[in-house]
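This report describes selected features of one protein model and its ligand. The sequence and the structure are shown first.

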Amino acid sequence: MLRSSIPRFTDRTDVFSWGRVRREPQRLAHPTFADQLSGLAVDATRPSRLATGLRRSYGDSCLNGPGLLIDMTGVDRFISFDRDTGRLVAEAGISLSHILQVVVPQGWFLPTTPGTRFVTLGGAVANDVHGKNHHRFGSMGCSVRSLGLISGDGARLTIGPNDRPDLFAATIGGLGLTGVIEWVELQLVRVGSAYLDVETIPYDNLGAFWALADESTVSHEHTVAWIDCMSRGARTGRGVFTRANWASDGAYTIHSDRTWKSMPLELPGFALNRLSVAAFNEFYFRLHKMKPRHQRQHYATYFYPLDAVLNWNRLYGRRGMMQYQCVVPPGSDRAVMGVLLDEISRSGQASFLAVLKTFGDVASPGLLSFPRPGATLALDFPNRGVETLALMARLDRIVADAGGALYPAKDGRMPADMFRRSFPDWQRFAGLKDPKMNSDFWRRVSLDD
Ligand SMILES: Cc1cc2nc3c(=O)[nH]c(=O)nc-3n(C[C@H](O)[C@H](O)[C@H](O)COP(=O)(O)OP(=O)(O)OC[C@H]3O[C@@H](n4cnc5c(N)ncnc54)[C@H](O)[C@@H]3O)c2cc1C
């Protein structure tokens, strides 16, 4: 068989994660065929390596400054798809967007999806992503039936829930640290059309959110709230709750990847300030009060509203942004979300609407998976250096005291003690980590140079 030549690693200064805060040069290779992957394992000068996808992770978990990055986006082919059973096997660098264009017309959808379709299958598995239907289907890893893993010394393995289960559990949500995921076998879900029946309900405070969440997780497959993180006092947590079920009739129309806008430049830092953000949030809240409560929406409109503007992360200027996403366990979540939102609102640092959602109790299969029962809050902060770091440290204390955790995919600065406290299986994971794989994230949280 003719083997493809192994691509070279080159120094790059234009490789960032989604938050655009970290700007260290990276050394990266871009393979286009799976048979090139084992060969990329060898580079004596820079021993550690890491696979990456579309780098929609916000912080440093998809970066490897001192080592090598293997950009998987060229290894992106379908291997097989059974339109009767919905069993899909595809190379890990394929995007969720591409998968949907093929499977939706056959009446299938991803078992769960994050808020952007511009992520790779491998990246979605390595972060064990969750979506608005976590309370029904759990995280992405719950639907992975097997996967191909290439270890740091080039060996190829097939693993699954019953086939080397320890390594499988370390690889789901394992942040690329157990090896390169070459391909994934995924069980898709049947849908009755490409459309959802969506209810949009503006509500006035956190109390109203909990009532809506309680009733909606029973009646609806998808639930989420956009909240105004600038509101305070009796209005803390006010927002717009959406809940949806798949429509059982309608066409299987696919989305188009012709986005209608792209953020051309990084905006100047002063464009985002307390006044402009508060005005936007007020406008958004009032707009939804005027809109009809029931609507039929295409999956792209419902799941991926932010994908309409390519590169929207440039809005935050050259210093970039940091996202903070935490989960707080049931019991303390109701009180703690109020405390977190008061702290954020008082700081005046948060940007646009935040996202609040309840997770169900479907257990994630990964040792380092973030989703767990409770409520999760996610929001963006323009990077203002020490001021932002100090606020996040205050939020960390509140989350840690409540027994919560931060999402590694959204993180660029979680201290090692916070990581160890909130991911109790980290030592088991460390024993299964491939010694040749590493990331800036892991060096930070494992205190490993
Ligand atoms: C607008 C937006 C909305 C989002 N919404 C959500 C959400 O609702 N829920 C959620 O869970 N996340 C969400 N995210 C985060 C995003 O879905 C995840 O970070 C996703 O995993 C990124 O995939 P990627 O292909 O960009 O991977 P990358 O960011 O490039 O990499 C992610 C991790 O996977 C590893 N990796 C990538 N490919 C491979 C491979 N082939 N083999 C081994 N390891 C690999 C990397 O080393 C890294 O640790 C959102 C992000 C954005 C920008």
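**Ligand site**

The model is predicted.

| Residue | Protein atom | Ligand atom | Distance |
|---|---|---|---|
| Gly53 | polar backbone atom | oxygen | 2.7 Å |
| Leu54 | polar backbone atom | oxygen | 3.0 Å |
| Arg56 | backbone N or O | oxygen | 2.7 Å |

The ligand taken alone exposes 970 Å², and the protein buries 96% of that area.

**Helix H9**

Helix H9 covers residues 386-401, which makes 16 residues. Its first and last C-alpha atoms are 23 Å apart, close to the 22 Å expected at 1.5 Å a residue. The buried residues of H9 are Thr388, Leu391, Met392, Leu395, Asp396, Ile398, Val399 and Ala400. These buried residues pack against three strands, S18 (321-328), S20 (374-382) and S21 (405-406). They also pack against two helices, H8 (333-347) and H10 (416-422). Just after H9, Gly403 has a positive phi of about 80 degrees.

**Arg77**

Arg77 sits in the loop that runs between strand S4 (68-71) and strand S5 (78-82). Its relative accessibility is 31%, so Arg77 counts as partly exposed, a class that lies between the cut-offs of 20% for buried and 50% for exposed. Apart from neighbours within four places in sequence, Arg77 is in contact with Thr32, Phe33, Ala90, Glu91 and Ile94. With Thr32 there is a polar contact: a polar atom of the Arg77 side chain lies 2.8 Å from the backbone oxygen of Thr32. Phe441 is 364 residues from Arg77 along the chain, and the C-alpha atoms of the two residues are separated by 29 Å.

Technical notes:
Residues numbered from 1 in each chain as written. Predicted model: local features only at pLDDT ≥ 70, side-chain atom pairs only at ≥ 80, totals over all residues. Heavy atoms only, no water. Helix = DSSP H or I, 4+ residues; strand = E, 2+ residues; numbered from the N terminus. Buried < 20%, exposed > 50% of the residue type's maximum accessible area, 1.4 Å probe, protein only. Contact = heavy atoms within 4.5 Å. Polar contact = N/O pair within 3.5 Å; in protein donor to acceptor, adjacent residues only side chain to side chain. Expected span 1.5 Å × (residues − 1). Areas by Shrake-Rupley, 256 points an atom, 1.4 Å probe, with all protein chains shown as cover.
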